[in-house]
Amino acid sequence: MPYPELSDYCIKDVTGILSPGVLIFKHLLEHNIDEMVRIAGRPEQLRPHCKTHKCREIVRMFLERGVLNHKCATIAEAEMLAGAGATNVMIAYQMVGPNLDRLGRLMHQFPTVEFSVLVDCPAGVSLLSNLVTEVSPDRSIGVFLDLNSGMQRTGIAPGQRAIELYEMIAAGDGVRPSGLHWYDGHHRQPDLSERRTAVEVGWQGLTHFRDQLLLSGLEVPNVVAAGTGSFPILAELGEPNLQLSPGTTTFHDDDMATRFPELNFFPAQAILTRVISRPQHGSLTLDVGHKACAADQPFGQRLSFPQLSSFNEVIHSEEHLVIETPDANQFRIGDHLIAFSRHACPVSAVHQFATVIEDGNVFDRWEMVARDRMITI
């Protein structure tokens, strides 16, 4: 996979850095954020998903570049975004159960922030309408119709039922239509031309549905769309009301870099791990157990080590990783290695804070505030 020079991940003194611990390389993070804005074309057309970083300081980096619209998946992430200064926060989730009450308290705590949510069924609209008219009768909440892009995870299929649901949003008390949500994260075809064709076919179906709504006299203020693989493809379309919502590209990771080598992003997040044992010749035991990385990935594919010429995972348990490598003799007990996670987003959810590196020195420590399901609300 493409990496910058190994020197970009140099740390002059690791003495005080805990392991296993998350590292953020600030110059690479800044590069990735600037590249996201560049691809989007205008800051207004970028709505980055904070699930990847969960961190106030990174929200502020986007805000400094004029990116005011943000996306999240949890009430805690929404609270973190609003508290950091985001003025338009989309919760890309259908609110049910106690989260409805939490949404009401969120709106009350941040009255100047424009919140929006997703729905994909009439019950979702009714629940929201009842909530808002009860707790904040003088306000309304923006609602995006969640469309099934073919991912088969959430969303209603474009068609007559979807039109009727959008009409329900437009006519409901306390709710108003904000537009359409189209997450096509399943488009991960390694061949760029094949992926482009699939993304564009989906987009044609979406725009046909949007035009049906417009011809019916309904407003469609925005379309929020794109996973990592479709992000640059959709950006090229030049749609004025399109907001692009990639998340992983903020940090980038081994998986995305391998799948999409044409993208100009670099891994800005890493894990510092140390050798804690050398049980036999040619092997190292590291302290990066699967509680410290993205355990959603298959065994043997969770981490990569740019300092090693090759390696093979032997055992991965909660607190230990045993690897075999021809480079084992180069490392002593207590020596550190840099590991890249196959999937960056879950790493932010299992670490309390990240050590930020700039020019090879420890620059700061940033808390992953929204890694918990609840902050104050």
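Reader: How do the axes of helix α4 and helix α5 sit, what distance and what angle?

Author: The axes of helix α4 (residues 98-109) and helix α5 (residues 122-135) cross at roughly 40° and come within 10 Å. Helices are DSSP runs of H or I with at least four residues, strands are E runs of at least two, and both are numbered from the N terminus. Axes are lines fitted to C-alpha atoms, for helices over the stretch in contact, with angles from 0 to 180 degrees between N-to-C directions.

Reader: What kind of model is this, and how are residues numbered?

Author: It is a predicted model, where local features need pLDDT of at least 70 and side-chain atom pairs count only at pLDDT 80 or more, while totals for chains, interfaces and linings use all residues. Residues are numbered from 1 along each chain as its sequence is written, and side-chain values use heavy atoms, with hydrogens and water left out.

Reader: New topic. How many salt bridges are there?

Author: The whole structure has 17. A salt bridge is a side-chain nitrogen of Lys or Arg within 4 Å of a carboxyl oxygen of Asp or Glu.

Reader: Which residue does D255 pair with?

Author: D255 pairs with R188, and their closest N and O atoms are 3.5 Å apart. D255 lies in helix α9 and R188 in the loop between β6 (175-182) and α7 (192-215), so the bridge ties together parts 67 residues apart in sequence.

Reader: Is D255 buried or exposed?

Author: D255 is buried, at a relative accessible area of 8%, whereas R188 is partly exposed at 34%. Buried is under 20% relative accessible area, exposed is over 50%, and partly exposed is in between (1.4 Å probe, protein chains only).

Reader: What about E318 and K291?

Author: Their side chains meet in a salt bridge of 2.7 Å, N to O. E318 is in the loop between β12 (312-316) and β13 (321-324) and K291 in the loop between β10 and β11, so parts 27 residues apart in sequence are tied together. E318 is partly exposed at 41%, and K291 is partly exposed at 46%.

Reader: Which residues are joined into one network?

Author: R188, D255, R259 and R342, through salt bridges that share partners.

Reader: Where is D254, and what is its nearest side chain of opposite charge?

Author: D254 is in helix α9 (residues 254-259). It is buried yet has no salt bridge, and the nearest side chain of opposite charge, R342, is 4.1 Å away. For charge, Lys and Arg count as positive and Asp and Glu as negative, with His and the chain ends not counted.

Reader: What does the side chain of D254 contact?

Author: It makes a polar contact of 3.3 Å with the side chain of S304. A polar contact is a pair of N or O atoms within 3.5 Å; within protein, one must be able to donate a hydrogen and the other to accept it, and residues adjacent in sequence count only if both atoms are side-chain atoms.
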